[in-house]
Amino acid sequence: MIVERFSGLLLEEGEVLLLDVAADEVGSRSGDGEVEITPGRFRVGSRNVFFDPEDWTYPIVRIALEDLRVREDDRHSALRDESNWSTPGKWGMELWLSHVEFNGENALRINAKRYLELKRMGLSHPYVLVNGVTEFVFEPRFGQGRLVRNLVFHLLELANMKSPGTTEFLRRRMRDKKVEELIRAFEQSFAFDIAFLELGVDEALPRIEMPITVIHPLCSVFGRLWVTDQNLYFMPIHRQRFAVERKPLNLVDSVQLSFYGKEDRALEISFSSISSMPAATYAFESSTARDAALFAIESIIPVGTSQTAAGVHQATQAWMARKISNFDYLMELNRSAGRSFNDFSQYPVFPWVIADYESTHLDLNNAESFRDLSKPIAALNEKRLRICLERFSDMGSSDIQPRFLFGTHYSTAAYVIFFLVRCVPDAALKLQSGTFDSDRLFISIAETWTSANTHTSDVKELIPEFFACYEGDLPPEAIITSESGSFVPGDFLLNLQEVDFGVRQDGRWVRDVELPRWASSAEDFIKKNRYALESDFVSENLHKWIDLVFGFRSRSLRDNNLFYTDAVDLQSLESSVDLDLDRLFLEFGRSPRQLFSSPHPARAPRAYTKGPTSIFSEQPPTLPGESLLGLVRCLEFEESFIVTGCALGGPLIAITSELGSLRVYGPLPKLSRAREIQVCSSALRCVRFITLDIVACAGDEGRLYVVDAMNGRVIHIHAAAHPGPITFLDTDMSLSSQGRSLLITGGADAVRGWVVSGESSIRLAYDLDPEGKLISLSASIDSHLARVACLRDDGSLLVWLLPQGGIVDAPMTDPLQISCPCAPVSLHGSQQLLAWTSNTRLVFLSSLQVTMFEVFEVPEPSIEGQPSVFEVNCGSSITTCGAYFFVGFSNGIVRVMSSTGEEICSSSLETGAEDDKVSALFTDERHVIAVTTQKLRVFRLRAKSDSDLCAYMTPRELG
């Protein structure tokens, strides 16, 4: 993965990056005369030139194109026609395309009167202005010098363009128009470079090709779109190879039409949630071009748009019946209304729900603790509303200046950056001209609520991050997940990057956000805020706020809900040269697309829904089977393919067979792609993922194989891992980020631990003697210890503790007699151990010291017309929503149990064969994968979204 410190956030607002080439800076800025060559990248924007050294101890240099005097060395005056260049402007930088002895004629020599230093050491800091004449010499590599100088010359001419008799604003507008024409001409001058693409063997030529702009938070990238029969390709105009994007069409989940600027001309494409691929937002030159691209995509994969009335109605009915949470419903409404995490000017909007930020204890049983959801945020304060109404009465109406109640919107790019400044400080620097305005930064929850409730120029609502408690709550494109690569609730309130935001005038340093006294931490604040969102009070009143934002009361003067961009008459303003209408909406925000034309129905009272009657219930909810497990995919294997082992690794599933082949399916949940790898000629018996794309497998030959699942090749074979067949294999991917993994293998002769480093190094670390025949093996591994649990044929359970040093003298425990015979053991973390016995008994050990354990009966599953007693074959667990254990039976039933032995629900796999037993069960945070000898089924876990969040939170978790 290529990590860069340069991003579009370092460009000026509205600036386009036109060229990005490898280059060397030749010479020294220190003035000591020593010649130094610094490799890096030379970038040309529509308003600046940049040099980004590879050595991050040097800063990025940004030099403005404005105020330049251009002079060419007389020896090269024939290189261009002087009549094409305007009269030089005020002196600021001199540029020669002259011969430089140590570089040749490919060099650019630049004398800058001033320049900016950015991102020294890769850190975000206020821009450093360096005054005084400084000489730079840049030499583009790979013969790119002529292309660079021609582009720079054209931009310098436009930067020095004079228009006597016009205002500075109009001069800039005329210059920007000329720059747009240059960009269009530059874009049309190059073809889509096929060498940058990853075209498949059977991939057809593009069905459509057109110029587009990819939208990112507070910046955009101009380039060209290709749509083939398999992929979407985007090549940026600056042609940097690493920036070329490929989006597989078979991963497209849905598309969404949206505005960009003043026009409805954008398209957001979302991908399968399990692929972890962020949504892509494309702005087209017109709605006609957008519709043509959409038609091309839908002719290949009929996904349809997500804004259909039927889709919104379905979500509304589910919310009314309490089948989805308030959070999930608001996310769905935002998406259907065209809100996007990629576009800060129309970011998803959530309401303030709590009004008490001063108390030491948050009382959610008191209605006074909540905000009035029947009024717009701007109308909560009567005094402020009265001032705005009086101003509205005094306004004169015209085509250019409409009448409005509130000049600023409740959702703008500036407000989003205000909340997320600790995640994307470069966005704040861009917005505030390279400085941190400490007194205007987000410093306190209570102060922000007070300001939004009193000031006439501050009516901001909240964003989803204030309520996101789980990693799956936010999409991959959300800043707090895409920037950090991980998700912890409330991290955006903490200054984890240790940015120096400065000191306010009142003497307070801007560090972490100051929390209400009733919150013990940022994570605790988010949990309580989410709990308030899911409370009965908000559930009973949320439909009123939906009417104001997404419904019939939006853009309404009668409801005191009219904002400036709502009142603008675009047709009247189209002819005005004094307004940049796109910039108007990008800066001032816009109301979401109206979804409802009549009052939104209220949510059903809790008393009339299934589930706990008290929001403080400490008992786990009793859920109907269809609400916890939903079948989303079923793969049926051919008769010759007999499953012997299965493993889950991120979005991929690996399966071994008696024929020595390995199949890899993915991504979850659709499993639309498959790869088959012939590993050996004898039967494989077990498989596990080492990393997200590397698997280990073993079988009858006693060999250990390491396979690259993505590229379909065996990358290492350990020929003598065991003298006999290997029947058990377990590992844990927790160490893969450290470049090594620990594998535990088991056979009739021994239990062995292997350290895998990289792709080709495997060494024996542990050699254990179980002193008996193994019938099951499971391992739990962390950075310090590996715990291995073995079931022997005499029904005894043995637990080994394996330290990092590789020295093991004796088992951690004496053998524990459970029952004979036993089915597989399942070990989860350091505190949970499950063993299954043939008489359907389950053993749950709450500690590996085996000082406490519980034994309880698993209810015997029955299917009409079949025997009522079946053996337990396998099990797994998930703890994200409580201690749930999934038990697989030999008749194809999956039963969901609590740690107390209570049955939560069950689901029949309907195998259609008595011997098609559940041979493997795997769980992650979202899915249960059940494997039989004939089929593989993927169930979606819907417990979190199909019941109120509060049903899964105990009072202890809420603090």
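Visitor: Which residues in α4 meet which in α5?
Guide: Val312, Ala315, Thr316 and Trp319 in α4 meet Asn326, Tyr329, Glu332, Leu333 and Ser336 in α5. Contact means heavy atoms within 4.5 Å. This is a predicted model: local features need pLDDT of at least 70, side-chain atom pairs count only at pLDDT 80 or more, and totals for chains, interfaces and linings use all residues. Residues are numbered from 1 along each chain as its sequence is written, and side-chain values use heavy atoms, with hydrogens and water left out.

Visitor: At what angle do α4 and α5 pack?
Guide: About 165°, with axes 10 Å apart. That makes α4 roughly antiparallel to α5 (angles over 145 degrees).

Visitor: New topic. How many cavities of 30 Å³ or more does the structure hold?
Guide: Seven. A cavity is a set of points on a 1 Å grid, over the protein atoms alone, where a 1.4 Å probe fits but cannot get out. The largest cavity has about 60 Å³ of space.

Visitor: Which residues line the largest cavity?
Guide: Ser46, Arg47, Leu65, Glu66, Leu155, Leu158, Ala159, Arg175 and Val179. Lining residues have an atom within 4 Å of a point.

Visitor: Which helix gives the largest share of that lining?
Guide: α1, with three residues. Helix α1 spans 145–159. By class, the lining has five nonpolar, one polar and three charged residues.

Notes
Axes fitted to C-alpha atoms, helices over the stretch in contact; angles between N-to-C directions. Helix = DSSP H or I, 4+ residues; strand = E, 2+ residues; numbered from the N terminus. Parallel < 35°, antiparallel > 145°, perpendicular 65-115°, else oblique. 1 Å grid on protein atoms, 1.4 Å probe; cavity = no way out; pocket = protein on both sides within 12 Å on 5 of 7 lines; lining within 4 Å. Points joined across faces, edges and corners; volume = space filled by probe spheres on them. Nonpolar A, V, L, I, M, F, W, Y, C, P; charged D, E, K, R; others polar.
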